[in-house]
Amino acid sequence: MACWRIVVRGTVQGVGFRPFVKRLADRQGLAGVVYNTGDGVVIELQCAEDAAHDFAAAMKREKPPLAAIAECRIESNGHNGSFQGFVIEASRPVQGAFTLVSPDIAVCAQCLAEMRDPSDRRFGYAFTNCTNCGPRYTIIRQTPYDRANTTMASFVMCAGCESEYRDSGNRRFHAEPTACAVCGPALSERIETVVAALARDEIVAIKGLGGFQLACNAFSESACIRLRERKRKNRKPFALMMRDAQTAEKYCEVRQDERELLESRAAPIVLLELRRPSPFPDAVAPGLDRIGVMLPYTPMHHQLFEGRLECLVMTSGNFTEEPIVIDNAEARAKLTPLVDCFLLHNRDIFMRADDSVARCYEGVPRMIRRARGYAPKPIDLGVEFQEALGVGAELKNTFCLTKSHYAILSQHIGDFENLETHVFFEETLRNLAGVYRASPKILGHDLHPDYLSTRWALNHALPKVGVQHHHAHIAACMAENGLRKAVIGIAWDGTGYGADGQIWGGEFLICDFTGFRRAAHLRYIPLVGGDRASREGRRAAAAHLFDAFGNDYASVVKLVRHAANDAWWRVFDQMLARPPVRTSSAGRLFDAVAALTGVCVESTFEGEAAMLLEAAASNSDSDEVYPFSIDAETSPWTVDTRAIIRNIAHQCMAGHNRAAIAQAFHRTLGHIMRTLSVKMREETGLNTVCLSGGTFQNVTLLSHVLPLLRADGFEVYQHSLVPANDGGVSLGQAVIAAARLQTGS
Ligand code: ZN
Ligand code: ZN
Ligand code: FE
């Protein structure tokens, strides 16, 4: 009988794929063999051609929950087989090929049920896992994915675990991290002890899946304030872990898409709208109308909620700006001043991964921080790229490797500002380049000469290309959406080094992967104080007032005068007239409006003013649109924001409702984007608009701009798997560098 070969690529190893194939073959009465290769799974079947196609269709339909089939090819094997029944064979490695490493997966329902069943041998066991769930990326030292190559290597399986592991009919067949209380990792404390400490409002350092977390009772004002004082020294919101989805619904508005994301296997932190009145102290998320909520995702986390506890603050175990701590000794050394006690265990974390953060918009998850549960799952770009490396920006750094038609985006590395982050970046790069056998031929870096990522790139021997920050943002959006032809790009964010040496951030580009033209930008304002301008909203407010009011500046600047003393203002006002640098930043425009309205005069973390302004806007449905104009005499065109600022300043002085101002401001930005897009279409004939940059995490802005653009017939693309913020910049750098290699320019 003829023999057919089915070659399957994707996430098909370490997910129970071979036993699944065997069950399917047995059911259909087919003889043959299945084996892993370096880059996927091969099935040889002895059957008619129709039967092979039927088999492939059933395989795609019924695949195991964690499997993802990226490619499935059926080819004739050229000879007649002589198989007896269907067998699972050992791996047949292929030189130079790679498999996809699975991200870490939230504990499955079956494992959870076993953990809660007093008659099960894993009753109460905090490290229960199986083929369908558990740690992956964070414990894999190298590939192939065998236990010996994970941090589980030091645990020798007991007879019970071993027999499950060898049994192709068992859920734990080849589940590499499988373990039980007899043979596996153990907690340092009894869970009851830790729960009691949390109930006493103590702060606990917990060794989680991808790093340490700091936990406290989310209802306790004193605990939350103490944690904030000890750890953060700013107002950045804490994430909460809640017992289950019902609890989340009790305290937050949870739409269907948000609930699905909460309960997904990646189990990210999801930004949800708080129900009012909120029982959580203001110290959890000062001034915000949304909070980040996640559900327990390891058996250990579930155990914390088996008593009275309902909601815990669960924030990364680190000092602000440093990578999350993963090692027990390091935790004792660094976290002791922050916490009252520790919950440790003895399974090592090899690769650090923070909790991921996402929000849903139009039914689609939008990543804000992509890490645990997502990394290092490659993003399918649909078309092949040359092998390149994008080293990312400075804040929210990630790097990106392109390989075949995949983008391998690293997990969130963090703010590339210190030695620890530098080491984390290099370790992760070495690991991912090794696992995916990536050997980039070129690298792309930001134009900012002072970014540590740029300096790292410039010290590297590979050929390199400097990529303008906002060009990279739009290229990332194009790549994620499979676009290759020129687009209209709207790239709005806080800061990006411009090709003219100024600081850009309110950009309208015509671009493809090979280049860009800056078609328009927000009007330049003086930028005084460099990075401090992004923290101190009064600087942006005064600069915009100076620009908008000219000689009348002195009479309006009193709106923000109270934010500093007279001596400070004297120096500042002198510098305004002769600024060292100018900026078209959208972020500074948000800062200015937040400061003028009194919503936020001083930001304690990046994006705070914009977040608070968005929160303020939710209390109004004002349909006012402020006047603005486009100066088409300049090249590039400039968006004149002066009338907007004048209107807002007058309304503020007249005591106008600040929620209404915030809403009208968001609405006006939508109209600016529509007007510019139409003008750019008239000029170029392009009808595709890509939105990227941190400003597009603002869903109030999206709710204004998207309907306007669509009503005008534009095809609009946004991010989903790749963050719109600087976490996505590395993808844009990589594809632009790859395109440079391709065209040889
Ligand atoms: Zn499981
Ligand atoms: Zn065991
Ligand atoms: Fe940016």
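Metal sites and a domain interface

Me: What spacing do the donors of the zinc ion (ligand 1) follow along the chain?
Reply: Along the chain, they run C-x2-C-x18-C-x2-C. Donors here are N, O and S atoms within 2.8 Å of the metal (3.2 Å for Na, K and Ca), and water is not among the atoms, so sites may look incomplete.

Me: Before I go on, what am I looking at?
Reply: A predicted model: local features need pLDDT of at least 70, side-chain atom pairs count only at pLDDT 80 or more, and totals for chains, interfaces and linings use all residues. Residues are numbered from 1 along each chain as its sequence is written, chains are lettered from A and ligands numbered from 1 in the order in which they are written, and side-chain values use heavy atoms, leaving out hydrogens and water.

Me: OK, which residues hold the zinc ion (ligand 1)?
Reply: C108, C111, C130 and C133, each through SG, at 2.3 to 2.4 Å. The site is tetrahedral, with angles of 103 to 119° among its 4 donor atoms. For four donors, tetrahedral means all angles between 85 and 135 degrees; four count as square planar and six as octahedral if opposite donors are over 155 degrees apart and all others between 65 and 115, and anything else is irregular.

Me: And what about the zinc ion (ligand 2)?
Reply: That zinc ion takes SG atoms from C158, C161, C180 and C183, at 2.2 to 2.4 Å. Its site is tetrahedral, with angles of 102 to 117°, and its donors are spaced C-x2-C-x18-C-x2-C.

Me: What coordinates the iron ion (ligand 3)?
Reply: H469 and H473 through NE2, plus D493 and D726 through OD, at 2.0 to 2.2 Å. In sequence that reads H-x3-H-x19-D-x232-D.

Me: Tetrahedral or irregular, that iron site?
Reply: Irregular, since the angles among the 4 donor atoms span 90 to 169°.

Me: Switching topic: which domains are assigned?
Reply: Domain 1 (2-88), domain 2 (191-358), domain 3 (375-489 + 724-743) and domain 4 (521-717). The bounds come from an automatic or database domain assignment.

Me: How far apart are the C-alpha centres of domain 2 and domain 3?
Reply: They lie 30 Å apart. Between the two domains, about 810 Å² is buried, 54% of it on carbon and sulfur atoms; that is accessible area (1.4 Å probe) lost on putting the two parts together, summed over both.
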